[in-house]
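Q: I've just opened this one and I'm new to it. Can we talk through some side-chain contacts?

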Amino acid sequence: MTIILLLVVAVIVYAHSIYNHAKSTVNDEMNIVLDSIDQSETRSKIENREILNVLLLGVDERAEVDGSRSDTIIVVSLDPKNEKLRMVSIPRDTRVTISGEGTKDRINAAYSYGGADMAIKTVEDFLDIDLDYYVEMNMQGLADLVDAIGGITVNNEIEWYDEGFYKKGYHFKKGEIELDGAKTIGYVRMRHLDPKGDFGRTERQRKVIKAIIDKGISFTTVAKMNDLIDVVGDNMQTNMKFKDMKALLAKNYINVTNNIESYMIQGKDNWINGIYYYAVSDQEITKVHNMVKGKSVEKEVTDK
């Protein structure tokens, strides 16, 4: 009985330390104030278990990169009533009107024009949706996150030899492969050797996100939780407060991970004045708008 009591006390103390660590990290290190997102209605949505939309941006902040751009743009919809999580990738070269600038440009340029606020507003105007939360992670943070949870497993649909994103000449085999942080960066950055080009790359990005979710919610990561929190705090920014995270857990939003679907916006290659853009039709925009809203869409899912 003494041993059991000591174990219970140890678990409580450990859980309390994780809780306090997470609270201070989220509120003090990760949290940012955004003018573009009005959260006055978000709490009501959570209370009523309505769909929440989160903009996920992957930003390359390496020193050798001249000007940060959001090369990964994914709208994540959390649908608790249907226990479904939808990830919609927006190709970085998609031609849109940059909100606040009024100019036509690639959508990933919005971040370099006006940071997170302009990127958020541009995505909202493009798809005619409201975003409730925003999460930004740099590419090195992705590698650290994968290492913090002990690596991930993905099903690789094509094989190739790395061009140098991970290690020049490294063989990414076809089939189920294990990835650490550095290999993950090589896996998601490759584009030129993929027959599907940017389509293939964004598909691999979504696979990595799903693998991180699957590994992250497993009990195997509990012992690594403080390390995981540190990685997130160092590499991620969000407008979500710790109390928001608690509210999402209380309303069982975690159940959306039971069914994860993904889609990439479809369009056509287009050249204007010698510059490449990705052109998306009004019909496709309407389709994606309805998808994000949780409405039934024929042939919604292209990969899982």
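Q: What does Lys-210 form a salt bridge with?
A: Its partner is Asp-214, and the closest N and O atoms are 2.9 Å apart. Keep in mind that this is a predicted model.

Q: Where do Lys-210 and Asp-214 lie?
A: Both are in helix 6 (residues 198-216), four residues apart, which is about one turn of the helix. Lys-210 is partly exposed at 26% relative accessible area, and Asp-214 is partly exposed too, at 35%.

Q: How many salt bridges does the count come to?
A: Eleven. Another one of them joins the side chains of Lys-84 and Glu-261, at 3.6 Å from N to O.

Q: Which parts does the Lys-84 and Glu-261 pair tie together?
A: Lys-84 lies in strand 3 (residues 84-89) and Glu-261 in strand 12 (residues 260-264), so the bridge ties together parts that are 177 residues apart in sequence.

Q: Is Lys-84 buried or exposed?
A: Buried: its relative accessibility is 16%, and the cut-off for buried is under 20%. Glu-261 is buried as well, at 9%.

Q: And what does Arg-106 meet in a salt bridge?
A: Asp-93, with 3.6 Å from N to O. Arg-106 is in strand 5 (residues 103-106), while Asp-93 sits in the loop between strand 3 and strand 4 (95-98), so this pair ties together parts 13 residues apart in sequence. Arg-106 counts as partly exposed at 24%, whereas Asp-93 is buried at 10%.

Q: Okay, switching to rings. How many aromatic pairs are there in the whole structure?
A: A search finds eight. Take Tyr-19 and Phe-242: their ring centres are 5.2 Å apart and the planes are at 80°, so that pair is edge-to-face.

Q: Which helices does the Tyr-19 and Phe-242 pair link?
A: Tyr-19 is in helix 1 (residues 2-30) and Phe-242 in helix 8 (residues 242-250), so these distant parts of the chain are 223 residues apart. Tyr-19 is partly exposed at 34% relative accessibility, but Phe-242 is buried at 9%.

Q: What about Phe-172 and Tyr-187, why is that pair tilted?
A: Their planes are at 40°, with the centres 6.4 Å apart, so the pair counts as tilted. Both residues are buried.

Q: Which residues do ring pairs link into a cluster?
A: Trp-160, Tyr-166, Tyr-170, Phe-172 and Tyr-187.

Q: What lies over the face of Tyr-187?
A: Arg-204, at 5.8 Å from the ring centre. Elsewhere, the charged end of Arg-95 sits over the ring of Tyr-277, 5.2 Å from its centre.

Note on methods
Residues numbered from 1 in each chain as written. Predicted model: local features only at pLDDT ≥ 70, side-chain atom pairs only at ≥ 80, totals over all residues. Heavy atoms only, no water. Phe/Tyr/Trp six-rings, centres within 6.5 Å; stacked < 30°, edge-to-face > 60°. Helix = DSSP H or I, 4+ residues; strand = E, 2+ residues; numbered from the N terminus. Buried < 20%, exposed > 50% of the residue type's maximum accessible area, 1.4 Å probe, protein only. Lys NZ or Arg CZ within 6 Å of the ring centre and 35° of its normal. Salt bridge = Lys/Arg side-chain N within 4 Å of Asp/Glu carboxyl O.
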